[in-house]
Amino acid sequence: MIRVLFVCLGNICRSPMAEGVFRHLVEQEGLAGHFAIESVGTGAWHIGEPPHRGTQRELRARGVDLSGKRSRQVTTGDVETSDYVIAMDRSNLHNLQRHDPNGQLDGKAHLLLDFADGVDARDVPDPYYEGKFDRVYNLVEAGCHGLLDYIREEEEI
Ligand code: 4NP
């Protein structure tokens, strides 16, 4: 099983979107049996909440179902058991260090947009205050495509 963990701040906007998009892609490629896909937040404010309605709207428009998702906060165990820890922005990467007492992040933590072809930005912008969920979706989708290509090559699947 290849364990992929998407990480943002609140786990209600960006990382649940990435979770839904990546799972949908994996299913379309017939690879669902290879993957365990999850998302978490570094912060605790929204624990137990469903994804933001902006995220739900973008996903629903593309037929991606994430209805059962509830926000949760990252644990040290998540970091230890995941093979790929995919952060939405650089502050998430920084915050993750608090949950990595054994120094396991090096080598398995990445920024999602480092996999997005033709995208200069490194950080997925936080839509919680600014909205623009459609732009966030386009960035997340580009990152997820590149990420799946990368993992397929790494894992030879
Ligand atoms: P997310 O967005 O990290 O993409 O889920 C945010 C959600 C909530 C907050 C910040 C960002 N907040 O400050 O509560």
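Student: What makes S3 and strand S4 (residues 109-111) a pair?

Tutor: Two strands pair if DSSP finds at least two bridges between them. S3 and S4 have three bridges, in the parallel sense, so they meet the rule. Val85 stands opposite Ala109 in S4. The chain goes from S3 through helix H4 (residues 90-96) to S4, and this β-α-β crossover is right-handed.

Student: What does right-handed mean for a crossover?

Tutor: Point the strands away from you. The path from the first strand over the helix to the second must then run clockwise.

Student: Where do these values come from?

Tutor: This is a predicted model: local features need pLDDT of at least 70, side-chain atom pairs count only at pLDDT 80 or more, and totals for chains, interfaces and linings use all residues. Residues are numbered from 1 along each chain as its sequence is written, and side-chain values use heavy atoms, with hydrogens and water left out.

Student: Which way do the side chains of S3 point?

Tutor: Tyr84 and Ile86 point one way, Val85 and Ala87 the other. In a regular strand the side chains alternate between the two faces of the sheet. All four of these residues in S3 (residues 84-87) are buried.

Student: Why does Thr42 count as buried?

Tutor: Buried means under 20% relative accessible area (exposed is over 50%, partly exposed in between; 1.4 Å probe, protein chains only). Thr42 has 5%, so it counts as buried. It lies in the loop between strand S2 (35-41) and helix H2 (53-61).

Student: What makes a stretch count as a helix or a strand?

Tutor: Each is a DSSP run, numbered from the N terminus: helices are H or I with at least four residues, strands are E with at least two. The chain has six helices and four strands. Along the sequence the pattern is β-α-β-α-α-β-α-β-α-α.

Student: How do you know that the span of helix H6 (residues 133-155) agrees with its length?

Tutor: The expected span is 1.5 Å times one less than the number of residues. With 23 residues, H6 should span 33 Å; its end C-alpha atoms are 32 Å apart, so the two agree. Its buried residues, among them Phe133, Leu139 and Ile151, pack against S1, helix H1 (14-28), S2, H2, S3 and helix H5 (127-130). Glu156 follows H6, with a positive phi near 55°.

Student: How many disulfides does the structure have?

Tutor: Zero, in a search of the whole structure. A disulfide needs a pair of cysteine sulfur atoms within 2.5 Å. For Cys13, the nearest cysteine sulfur, that of Cys8, is 6.9 Å away.

How values were computed:
Contact means heavy atoms within 4.5 Å.
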